Amino acid sequence: VKGIWRLSDRWWYIGIGVLAGLYMLLTLMAPIDQAEHRYHIGKLSLYFLELTIVIPLVLVWLSAAYGSLRFKAYATRIMSSSDGKALALIAQGLLVLVSGLVVTTILQSVTPLLRGTGLIPAWTVIGNILEALWPLAAFWLIYQGSQGLMRMVKTPSRWRRGWLMIALAPIVAAYAWMLLHHPYRAGSPDPGTIAAYYMPDIGLIVFLVLPYALTWYLGLVAALQVRHYRRHAPGVIYRRSLVGLVWGMVAVIGSSLLIQLVSVLSPVMQGAGLGAVLGLLYLLIAVYASGHIMIMMGARRLARIEQAV
Amino acid sequence: VVALYDNIVTVIEGYLGPAGQRFVDRQIESHLQKSPTEITVSDLAQLTDWIRVSLSLITDDRQIVEECVDKLHQLC
């Protein structure tokens with residue numbers, strides 16, 4: 001986390017640029033015979049469709065990095081104050097989230113290229129575990145930051161964490177059930193199909209269900225706590241300046257939870273048409289990117305308070 | 001002197017929250033060239049004018065700016 005925090009803005013953009021190039025290359029190199037067969041469309045159309053996902057995704061990486069780096073700049077400026085420390089933790093969490101998004105997407109795009117090498121099971125296990133643990137680390141930091149903000153307001157929150165756990169329980173149970181009933185969870189009888197997890201059931205519970213459940217819980221608590229801070233923080237102008245930041249964070253947290261949910265529920269969506277899958281994907285990308293844009297604008301408004309002389 | 005400074009900070013915190021003290025310190029140091037705790041009642045009018053200008057850069061809500069300025073005038 002310290003390394004991610006210390007990385008200068010320039011290196012972030014250079015890193016994302018290089019990784020975006022690599023991601024495009026890996027995606028276009030991946031074999032597309034199965035998709036061609038499933039959706040009954042030509043190779044050229046499939047490459048075009050891939051680009052309509054890859055390019056917006058790369059733009060999301062850039063907007064996410066830009067928004068998080070603006071937020072980091074603001075938090076660094078006020079680091080010595082109590083709100084500065086809490087906001088710095090949230091900024092760190094957002095940067096960890098962005099880096100995780102980039103790394104795990106690239107790891108996933110390598111998998112189809114490993115066919116026939118015998119490396120797919122190990123690669124899939126590492127990729128799945130990283131995909132579950134990386135956001136957990138990010139949301140843990142965001143949650144810690146939101147706790148710091150909560151300590152600054154005197155009004156106690158009216159919602160109870162127990163209610164949130166009760167609300168999340170059926171989602172986690174449904175997710176666990178789907179995971180444990182996934183036909184290709186540990187292996188596949190068809191040599192042309194890659195198994196989804198290559199893990200025994202206990203591994204799925206320990207390395208996927210528990211981390212995801214904890215991530216969703218921490219993310220939702222953090223979003224509610226930041227919203228509570230925005231409503232009860234002192235200072236009418238300060239509260240208004242926080243609007244973009246808070247709603248941006250809520251959008252980022254909410255959409256990244258949804259992205260995780262959709263990715264783990266992908267077996268259910270296999271019967272859905274291409275249009276529905278792409279529509280959902282574009283919607284999630286748009287919400288995620290707009291969240292980061294709101295964060296960037298919110299950080300800019302807050303920075304105006306600190307710059308006014 | 002410290003009581004006056006604290007009162008100014010309290011008024012501004014009502015508008016800028018945790019950013020209030022940093023805002024007041026910057027106004028005093030850059031426009032009055034004093035350390036924040038050296039401020040006296042005689043500086044208040046000038047400081048209030050600068051605060052009005054700076055708040056207008058942060059918000060377009062004139063009513064809030066004037067309300068804040070009125071509260072600062074009442075500290076005299």
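This note goes through a predicted model, taking chain B, its interface with chain A, and one arginine of chain A in turn.

1. **Fold of chain B.** Chain B has four helices and zero strands. From the N terminus on, its elements run α-α-α-α. The radius of gyration is 11 Å, close to the 11 Å that the globule rule gives for 76 residues, so chain B is as compact as a globular protein of that length.

2. **Extent and packing of chain B.** The C-alpha trace of chain B spans about 30 × 20 × 20 Å along its principal axes. Of the 76 residues in chain B, 49% are buried. Among contacts in chain B with a separation of 6 or more, 51% join residues 24 or more positions apart.

3. **Size of the interface.** On the chain B side, 20 residues are in contact with 18 residues of chain A. Together the two chains bury about 1500 Å². Carbon and sulfur atoms carry 60% of that area.

4. The rule finds four salt bridges between chain B and chain A. One of the residues named above, B:Arg22, forms a salt bridge with A:Glu306. The closest N and O atoms of that pair are 2.9 Å apart.

5. **Which helices of chain B take part.** Helix H1 (2-16), helix H2 (20-32) and helix H3 (44-58) of chain B each supply at least two residues of the side that touches chain A. H2(B) gives the most, with six residues. By class, this side of chain B has nine nonpolar, seven polar and four charged residues.

6. **A:Arg227.** This residue lies in helix H8 (residues 201-232) of chain A. Is A:Arg227 buried, partly exposed or exposed? Its relative accessible area is 30%. Buried needs a value under 20% and exposed a value over 50%, so A:Arg227 counts as partly exposed.

7. **Surroundings of A:Arg227.** Leaving out residues up to four places away in sequence, A:Arg227 touches A:Val246 and A:Trp247. A:Leu242 is 15 residues from A:Arg227 in sequence. In space, A:Arg227 and A:Leu242 are 9.5 Å apart, C-alpha to C-alpha.

Note on methods:
Residues are numbered from 1 along each chain as its sequence is written. Chains are lettered from A and ligands numbered from 1 in the order in which they are written. This is a predicted model: local features need pLDDT of at least 70, side-chain atom pairs count only at pLDDT 80 or more; totals for chains, interfaces and linings use all residues. Side-chain values use heavy atoms; hydrogens and water are left out. Contact means heavy atoms within 4.5 Å. Buried area is the accessible area (1.4 Å probe) that two parts lose on being put together, summed over both. A salt bridge is a side-chain nitrogen of Lys or Arg within 4 Å of a carboxyl oxygen of Asp or Glu. Ala, Val, Leu, Ile, Met, Phe, Trp, Tyr, Cys and Pro count as nonpolar, Asp, Glu, Lys and Arg as charged, and the others, Gly among them, as polar. Buried means under 20% relative accessible area, exposed over 50%, partly exposed in between (1.4 Å probe, protein chains only). The radius of gyration is taken over C-alpha atoms; the globule rule is 2.2 Å times the number of residues to the power 0.38.
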